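Keep the viewer open as you read.

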Amino acid sequence: MIVDLHAHTLASDGTDTPTELVEAAAAAEVDVVAITDHDTTAGWAEAIDAATRLGVGLMPGIEVSCSWQGISVHLLGYLHDPLNEGLLAELDASRESRDTRARRITDLLAADVPITWDDVMTQVADGATVGRPHIADALVANGVVPDRSAAFADYLYTGSPYYASHYAPDPVEAVHLVHAAGGVPVMAHPFAAKRGRLVPDEVIADMAEAGLFALEANHPEHTDEQCSRAVDLARDLGLHVTGSSDYHGTGKPQGLGARTTTPEVLEALLAEPTHRGIVRP
Ligand code: AMP
Ligand code: ZN
Ligand code: FE
Ligand code: FE
């Protein structure tokens, strides 16, 4: 049984429609795939339809952007109420701030390379959460860089002179919010150091205390050592571990099912009290 609990679509910075994500899961023989777009559940309805039609297991989820003392933390949430007002208020604030911030990054870039806000907006699907990958796509379209990875390496990395941050809730508060919305919170890629600074283990302990379910230990951007560190910390904190591809379509090299979660952990997750269930395969 192949379980992949982290994937993006055109509702944020992936390149597949929600239907195409589910089709890709079927083609890769993934039994359960999660849709976890950044700060939005806009892709759920289409993904649920496609999964029901194609007989693929679907875990409705989200990846909540969080920030602790300026350090980025990503919190996955599964099976929550997408209309929960407390969580929605924070997601709306993040998405609005993401727009302002993307304009700021684009203005900074425009001083040195050919790019306009219109070029960026062309890359963003209707209503999608705007992120640096869309700016990367505009740089690719304008011939500045060959692909997203090069755009991040040359211009968009955290701490670049063209970087700007956006509002995001505190990660411990976000764990509470996901819980209050009837969801299961999992910390995404806790030790992916190449993305930028990491929060101290004490913050992860506070998230565990607040009701975190698992650490996403097995992730394409973790080295073997970072993966083991996450497994060890999860054990110390009494948390489960998950694994997932963080699939972004053609936006990142890893395919669906590149990393997986054990059926035992999936069962444990499904045994948690949640607002809704998965679409069964
Ligand atoms: P943002 O949410 O706007 O801060 O942008 C972060 C997003 O960019 C995350 O979804 C990452 O997966 C993606 N990202 C970060 N580094 C890279 C990279 N080197 N190549 C492609 N995508 C990246
Ligand atoms: Zn992403
Ligand atoms: Fe992430
Ligand atoms: Fe992600």
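Asp13 and His38 are both buried, where buried means under 20% relative accessible area, exposed means over 50% and partly exposed lies in between (1.4 Å probe, protein chains only). Asp13 sits in the loop between strand S1 (3-4) and helix H1 (18-27), and His38 belongs to strand S2 (residues 32-38), so the pair ties together parts that are 25 residues apart in sequence. Helices (H or I, at least four residues) and strands (E, at least two) are DSSP runs, numbered from the N terminus.

Before going further, some ground rules. This is a predicted model, in which local features need pLDDT of at least 70 and side-chain atom pairs count only at pLDDT 80 or more, while totals for chains, interfaces and linings use all residues. Residues are numbered from 1 along each chain as its sequence is written, chains are lettered from A and ligands numbered from 1 in the order in which they are written, and side-chain values use heavy atoms, with hydrogens and water left out.

**The metal ions**

The table sets out the donors of each ion. Donors are N, O and S atoms within 2.8 Å of the metal (3.2 Å for Na, K and Ca); water is not among the atoms, so sites may look incomplete.

| Ion | Protein donors | Distances | Spacing along the chain |
|---|---|---|---|
| iron ion (ligand 3) | Glu63 (OE), His74 (ND1), His189 (NE2) | 2.0 to 2.2 Å | E-x10-H-x114-H |
| iron ion (ligand 4) | His6 (NE2), His8 (NE2), Glu63 (OE), Asp246 (OD) | 2.0 to 2.3 Å | H-x1-H-x54-E-x182-D |

How far apart are the iron ion (ligand 4) and the zinc ion (ligand 2)? They are separated by 4.3 Å. Around the iron ion (ligand 4), the angles among the four donor atoms run from 75 to 161 degrees, and the site is classed as irregular. For reference, four donors count as tetrahedral if all angles lie between 85 and 135 degrees; four count as square planar and six as octahedral if opposite donors are over 155 degrees apart and all others between 65 and 115; anything else is irregular. Glu63 lies in strand S3 (residues 57-68) and Asp246 in the loop between strand S7 (240-243) and helix H10 (263-270), so this pair joins parts that are 183 residues apart in sequence. Glu63 is buried at a relative accessible area of 1%, and Asp246 is buried at 1% as well.

Glu63 also coordinates the iron ion (ligand 3), which is 5.8 Å from the zinc ion (ligand 2). Here Glu63 in strand S3 is linked with His189, found in the loop between strand S5 (184-187) and helix H8 (201-209), 126 residues apart. His189 is buried, with a relative accessible area of 7%.

**Ligand 1**

Ligand 1 has 14 residues around it, of which His38, Arg98, Arg101, Arg132 and Lys252 come nearest; a residue is near if one of its heavy atoms lies within 4 Å. For Lys252, the corresponding side-chain distance to an oxygen atom of the ligand is 2.4 Å. Arg132 takes part through a backbone N or O atom, 2.7 Å from an oxygen atom of ligand 1. The protein covers 86% of the 500 Å² of accessible area that ligand 1 has on its own, by the Shrake-Rupley method with a 1.4 Å probe.

**Helix H5 and beyond**

Arg132 is also one of the buried residues in H5. This helix (residues 132-141) is mostly covered, with eight of its 10 residues buried. Its cover includes helix H3 (85-110), helix H4 (117-122) and helix H6 (148-156), counting contact as heavy atoms within 4.5 Å. Just after H5, Gly143 has a positive phi of about 75 degrees.

Leaving out residues up to four places away in sequence, Pro114 touches Asn142 and Val144.

Thr261, in the loop between S7 and H10, is buried at 3% relative accessibility. A polar atom of the Thr261 side chain lies 2.6 Å from the backbone oxygen of Gly243.

Terms used. A polar contact is a pair of N or O atoms within 3.5 Å; within protein, one must be able to donate a hydrogen and the other to accept it, and residues adjacent in sequence count only if both atoms are side-chain atoms.
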